[in-house]
Number of protein chains: 4
Amino acid sequence: MLGMAEKIRVTVWNENRHEKTDQRVSKIYPTGIHGAIAGFLSEERELVTRTATLDEPEHGLSDSVLSATDVLVWWGHLAHGEVRDEVAAAVQSRVLQGMGLIVLHSAHLSKPFVRLLGTSCLLRWREAGEKERLWVVEPANPIVDGLGPFFEIPHEEMYGERFDIPVPEATVLISWFAGGNVFRSGCCFLRGKGRIFYFRPGHETFPTYHQKEVQRVIRNAVHWAVPGNGPAMHLGASEEPLEKI
Amino acid sequence: MLGMAEKIRVTVWNENRHEKTDQRVSKIYPTGIHGAIAGFLSEERELVTRTATLDEPEHGLSDSVLSATDVLVWWGHLAHGEVRDEVAAAVQSRVLQGMGLIVLHSAHLSKPFVRLLGTSCLLRWREAGEKERLWVVEPANPIVDGLGPFFEIPHEEMYGERFDIPVPEATVLISWFAGGNVFRSGCCFLRGKGRIFYFRPGHETFPTYHQKEVQRVIRNAVHWAVPGNGPAMHLGASEEPLEKI
Amino acid sequence: MLGMAEKIRVTVWNENRHEKTDQRVSKIYPTGIHGAIAGFLSEERELVTRTATLDEPEHGLSDSVLSATDVLVWWGHLAHGEVRDEVAAAVQSRVLQGMGLIVLHSAHLSKPFVRLLGTSCLLRWREAGEKERLWVVEPANPIVDGLGPFFEIPHEEMYGERFDIPVPEATVLISWFAGGNVFRSGCCFLRGKGRIFYFRPGHETFPTYHQKEVQRVIRNAVHWAVPGNGPAMHLGASEEPLEKI
Amino acid sequence: MLGMAEKIRVTVWNENRHEKTDQRVSKIYPTGIHGAIAGFLSEERELVTRTATLDEPEHGLSDSVLSATDVLVWWGHLAHGEVRDEVAAAVQSRVLQGMGLIVLHSAHLSKPFVRLLGTSCLLRWREAGEKERLWVVEPANPIVDGLGPFFEIPHEEMYGERFDIPVPEATVLISWFAGGNVFRSGCCFLRGKGRIFYFRPGHETFPTYHQKEVQRVIRNAVHWAVPGNGPAMHLGASEEPLEKI
């Protein structure tokens with residue numbers, strides 16, 4: 001648990017490629033998807049937010065950046081394959097040591113997420129700009145604080161089950177799509193000492209990250225994912241006092 | 001695990017009230033909902049099926065019936081309150097000792113289910129005869145053997161989240177409803193040595209239990225819920241060999 | 001989530017019978033087990049703590065007390081049967097609406113806990129004053145903040161598996177006992193909007209609640225169990241905007 | 001579900017290195033650990049068992065072998081690093097498609113297991129030949145069929161918590177060790193359409209796999225892990241009938 005005076009250090013990572021080539025995207029997100037997310041997170045005084053993108057050296061995720069990050073937010077889509085394996089491995093390792101990870105939308109196929117989950121992470125999808133209604137199924141989970149029983153996004157890409165993930169430690173939101181599909185849209189995972197939250201919405205051609213409920217979920221998830229102060233895991237040869245055998 | 005020669009003994013319990021007063025129901029289910037379910041279960045040679053109803057003495061669930069039941073199937077709606085507390089307690093106790101329990105549709109408010117789960121088991125609902133599409137979310141679970149990625153029921157009552165149940169041990173089916181709702185429609189619970197499966201469909205005015213996919217799920221669930229041969233739970237003062245302290 | 005200025009209101013409930021009849025107990029806990037627990041909780045400025053006991057009117061748990069309680073701590077042993085069913089039902093109902101519940105040691109058989117879990121909640125036990133070593137198995141859980149990989153209690157009553165509870169939403173501590181047993185000693189459950197934590201230690205003839213690590217776990221659990229601000233559960237007939245069917 | 005006439009095809013994989021260099025091991029397991037395990041599995045008429053070892057071409061796990069394997073049993077220790085990445089990836093892929101995987105003892109660090117789980121899979125350990133007592137904590141799970149409340153192994157290597165794995169879908173056995181440690185010794189995981197069981201015992205210098213209870217657990221686990229007949233996962237662009245949007 002962080003002390004009162006300490007801030008939560010958030011790094012928002014974005015592939016930042018759609019923004020450079022698709023005017024629809026750059027119009028909706030003039031400072032990039034990372035800029036939009038960092039923007040609304042910065043409104044909270046408890047958070048100190050920075051951004052990082054694929055085309056920066058080391059993808060903007062040097063050891064010094066990662067070691068100064070409490071929670072990493074990740075958006076990617078076109079260029080998962082360009083993320084260097086060393087960086088993906090470093091993110092995985094940091095999560096196991098406690099760093100929080102918020103995985104957004106098409107980042108379900110990002111290297112860090114797939115490595116941490118061990119499954120294909122594939123799903124069904126359809127680009128029809130249809131209505132999505134997200135229902136809260138675990139009202140006791142802090143990630144849904146401040147929400148009503150459901151909220152809607154007027155136009156979104158559809159993601160549908162079967163979503164090939166391990167059973168989440170908590171499934172907090174399930175989406176309904178007008179075209180006939182359902183999806184586990186808010187999923188908590190614990191891996192090592194780290195907390196991971198997958199949140200479905202955020203297709204690049206829709207203004208999803210400008211919507212208040214979406215922002216609320218991401219902000220709640222950042223707070224939920226802050227590293228705790230649980231015991232270090234002295235793994236390996238046992239050193240504790242040995243009882244008489 | 002039952003030996004090859006042993007049969008699985010199934011008791012199908014039904015409140016059997018709608019059938020007596022509503023011609024729509026008796027037309028669809030001339031032998032009652034219990035008769036329809038017992039009917040398709042009886043087609044399996046491994047199963048020996050009997051029925052029991054609310055208005056029989058002891059609701060048809062005497063000690064001798066319960067002790068000769070491997071899996072109990074339960075449908076109720078109008079008259080949950082008329083089920084005697086002793087019978088509900090006996091069912092709960094048998095489940096904790098290993099008897100399987102398949103809870104159908106409006107039996108989400110039946111006394112045995114509510115006692116075993118400990119929550120209100122309330123949900124949203126709407127009678128509009130709308131389309132339901134059930135998606136498989138856990139393809140490794142034996143209860144979905146033989147299904148495709150989803151199946152549809154043309155007209156059903158809507159049940160929607162938040163369904164106030166404890167987190168299921170497995171959520172195998174999620175329903176989409178045309179009117180805008182989602183629901184965890186196939187839920188596995190373990191309680192004591194017993195296995196419980198809640199399955200959503202089956203409003204009395206629709207021919208849902210005549211549909212092949214619905215029958216398949218119920219048959220799979222019966223097989224899944226058969227009592228195992230795990231250790232008896234010698235609870236109380238400890239009797240195992242004591243290590244030197 | 002509570003605002004900064006708001007305090008967490010904790011009620012510590014104790015049967016308070018051993019303290020009246022057994023000098024060993026009253027010597028260790030001169031103000032009662034409830035007094036000891038309320039004492040160390042009161043050291044935190046964020047908490048406002050009161051106590052309640054079995055022999056007070058309504059067991060000290062009137063509607064006005066319960067409605068002014070964010071987290072209820074419960075210790076009982078000899079007199080579970082004397083707790084009135086209406087009070088047990090009121091506690092259950094409050095938990096489903098969001099009140100946190102911390103269940104200590106022999107309260108595994110208390111009426112509120114058994115009603116909320118639905119199983120027998122029985123276990124093995126042995127009074128031999130043997131050593132207990134509690135291992136952290138979920139280091140990402142906030143309830144183990146500040147602990148090392150394990151801690152020991154020099155002399156305790158043994159509780160051993162099989163502990164007849166539903167699968168916990170999180171198992172954070174597992175105990176080793178010198179005499180040869182293991183036990184899931186720190187278990188999180190979600191029920192309705194409420195969070196429940198069962199914590200094993202605390203036999204009345206040992207000074208367990210004076211031990212720093214035990215106090216730390218209870219304090220962490222109180223913070224974890226504070227009601228969130230998730231959606232109210234409008235259960236019943238559906239009122240949300242109906243999509244065209 | 002396999003038809004009556006069909007056999008379950010099991011492949012027992014072993015690194016088979018200790019057996020070549022350590023006489024203590026070859027004395028206990030003259031046909032190798034794989035030979036011992038294949039031996040007791042072959043006593044069941046429903047199983048057809050073959051073996052494969054590290055030093056065979058493609059480690060004995062060619063595509064044709066894997067595609068003819070329903071359940072793969074894996075033992076490794078010294079030479080995890082020598083397992084080729086392509087073979088580890090092929091095993092991972094087969095599991096996601098439904099092949100069962102039984103992971104024994106020191107194979108907690110085998111490449112297929114670590115890839116499928118995504119965590120470090122590290123643990124504490126001590127070679128002191130101490131007594132292990134394994135307690136059943138989920139008596140409803142078919143993997144403990146036929147066991148008593150616990151069983152003992154007279155001398156084993158200690159493995160202790162924190163075991164750095166994701167929360168298992170079921171924890172069926174917890175070990176007590178004389179020297180003061182506990183361990184989740186029987187853990188079920190679902191990944192894709194595949195079922196994985198990790199079972200702790202089996203240090204190479206002890207005759208653990210000759211013990212009846214250990215054999216019983218492995219046999220039960222093989223039956224549990226047989227691929228089901230759930231829906232194929234048509235992942236990718238959605239092809240199902242689109243509801244009117």
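## Chains A and D

Chain A is superposed on chain D by a rotation of 180 degrees with 0.0 Å of shift along its axis, at an RMSD of 0.0 Å; such copies are fitted by least squares on the C-alpha atoms of residues with pLDDT of at least 70 in both. The model is predicted, so that local features need pLDDT of at least 70 and side-chain atom pairs count only at pLDDT 80 or more, while totals for chains, interfaces and linings use all residues. Residues are numbered from 1 along each chain as its sequence is written, and chains are lettered from A and ligands numbered from 1 in the order in which they are written.

Within chain A, the residue that comes closest to the rotation axis is Gly118(A), whose C-alpha lies at 2.7 Å. The two copies meet through the same surface, because 100% of the interface residues of chain A are also interface residues in chain D. In this interface, 38 residues of chain A are in contact with 38 residues of chain D, where contact is taken to be C-beta atoms, placed from the backbone, that lie within 7 Å. At least two residues each of the side of chain A that touches chain D come from helix H6 (111-117), strand S5 (124-136), strand S6 (150-160), strand S8 (182-191) and strand S10 (236-237) of chain A; helices (H or I, at least four residues) and strands (E, at least two) are DSSP runs, numbered from the N terminus. The most is given by S5(A), with 5 residues.

S5(A) is also joined by 2 bridges to strand S10 (residues 236-237) of chain D, and the two strands run parallel; strands count as paired if DSSP finds at least two bridges between them. In this pairing, Arg124(A) stands opposite Gly236(D) in S10(D).

## Chains C and D

Chain C, too, is superposed on chain D by a rotation of 180 degrees, with 0.0 Å of shift along its axis and an RMSD of 0.0 Å. That is the relation of a two-fold axis. The C-alpha of chain C nearest this axis belongs to Trp176(C), 3.3 Å from it. The same surface serves both copies, in that 100% of the contact residues of chain C recur in chain D.

Here 13 residues of chain C are in contact with 13 residues of chain D. Strand S5 (124-136) and strand S7 (170-177) of chain C each supply at least two residues of the side that touches chain D, and S5(C) gives the most, with 3 residues.

## Helix H5 in chain D

Helix H5 (residues 85-97) of chain D has 13 residues, which at 1.5 Å a residue should span 18 Å, and its end C-alpha atoms are 18 Å apart, which agrees; the expected span is 1.5 Å times one less than the number of residues. The buried residues of H5(D) are Ala88(D), Val91(D), Gln92(D), Arg94(D), Val95(D) and Leu96(D), where a residue is buried if 20 or more other C-beta atoms lie within 10 Å of its own, exposed if 12 or fewer, and partly exposed in between. They pack against several elements of chain D, among them helix H4 (63-67), strand S3 (71-75) and strand S4 (100-104). After H5(D) comes Gly98(D), which has a positive phi, near 135 degrees.

## Two individual residues

Leu41(D) is found in helix H3 (residues 32-42) of chain D and is buried, with 21 other C-beta atoms within 10 Å. Leaving aside its neighbours within four places in sequence, Leu41(D) is in contact with Val10(D), Leu47(D), Thr49(D), Arg219(D) and Val222(D).

His80(B), by comparison, lies in the loop between S3 and H5 of chain B and counts as partly exposed, because it has 19 C-beta neighbours inside 10 Å. Leaving aside neighbours within four places in sequence, His80(B) is in contact with Leu109(B), Ser110(B) and Lys111(B).
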